[in-house]
Amino acid sequence: QVQLVESGGGLVQSGGSLRVSCAASGSIFSIAVMGWYRQVLGKQRELVASITSGSSTNYADSVKGRFTISRDNAQNTVSLQMNSLKPEDTAVYYCNAAGNLWGNLRFNVWGQGTQVTVSS
């Protein structure tokens, strides 16, 4: 079983910065992709950024140039540095990880979510 524990987030003024981090634990053999999604009440969850074990990254157009995703493969952690935040970035941010357990079982799990609020 794999668990994701998120940290960071909070309240910041428009133009400010925040960092959210996520640590995976459990019987993990490898994590192929780690990512951050966000969801606003009443809307679908959307991809913010993802990163592979080989450090290939993918960003939503709305955050390109402002957000940076990074990961530590040895520690099974992923972080999202968010700069130049806008009120429309306000959402619950969820960490996601997909990979393999020892024994070649696949997993795809979500964190509990952390609130990011950007005031205007």
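**Grounds for the terms used**

Author: The model is a predicted one. Tyr37 has a relative accessibility of 24% and therefore counts as partly exposed, since that class lies between under 20% for buried and over 50% for exposed.

Reader: What makes Trp102 count as exposed?

Author: Its relative accessibility is 59%, and exposed means over 50%; Trp102 is therefore exposed. Trp110, at 39%, counts as partly exposed.

Reader: Why is the pair of Tyr37 and Trp110 called edge-to-face?

Author: The ring centres of Tyr37 and Trp110 are 4.9 Å apart, and rings pair if their centres lie within 6.5 Å. The planes stand at 70°, and over 60 degrees counts as edge-to-face, so the pair takes that name. Because Tyr37 lies in strand 4 and Trp110 in strand 10, the pair ties together parts 73 residues apart in sequence.

Reader: What makes the charged end of Arg45 one that sits over the ring of Trp110?

Author: The charged end of Arg45 is 4.6 Å from the centre of the Trp110 ring, where the distance limit is within 6 Å. The charged end of Arg45 also sits over the ring of Tyr94, 3.7 Å from its centre.

Reader: How do you know that Cys22 and Cys95 form a disulfide?

Author: Their sulfur atoms are 2.2 Å apart, and the criterion is within 2.5 Å; Cys22 and Cys95 therefore qualify as a disulfide. The torsion about their S-S bond is about -85°, so the disulfide is left-handed.

Key
Residues numbered from 1 in each chain as written. Predicted model: local features only at pLDDT ≥ 70, side-chain atom pairs only at ≥ 80, totals over all residues. Heavy atoms only, no water. Buried < 20%, exposed > 50% of the residue type's maximum accessible area, 1.4 Å probe, protein only. Phe/Tyr/Trp six-rings, centres within 6.5 Å; stacked < 30°, edge-to-face > 60°. Helix = DSSP H or I, 4+ residues; strand = E, 2+ residues; numbered from the N terminus. Lys NZ or Arg CZ within 6 Å of the ring centre and 35° of its normal.
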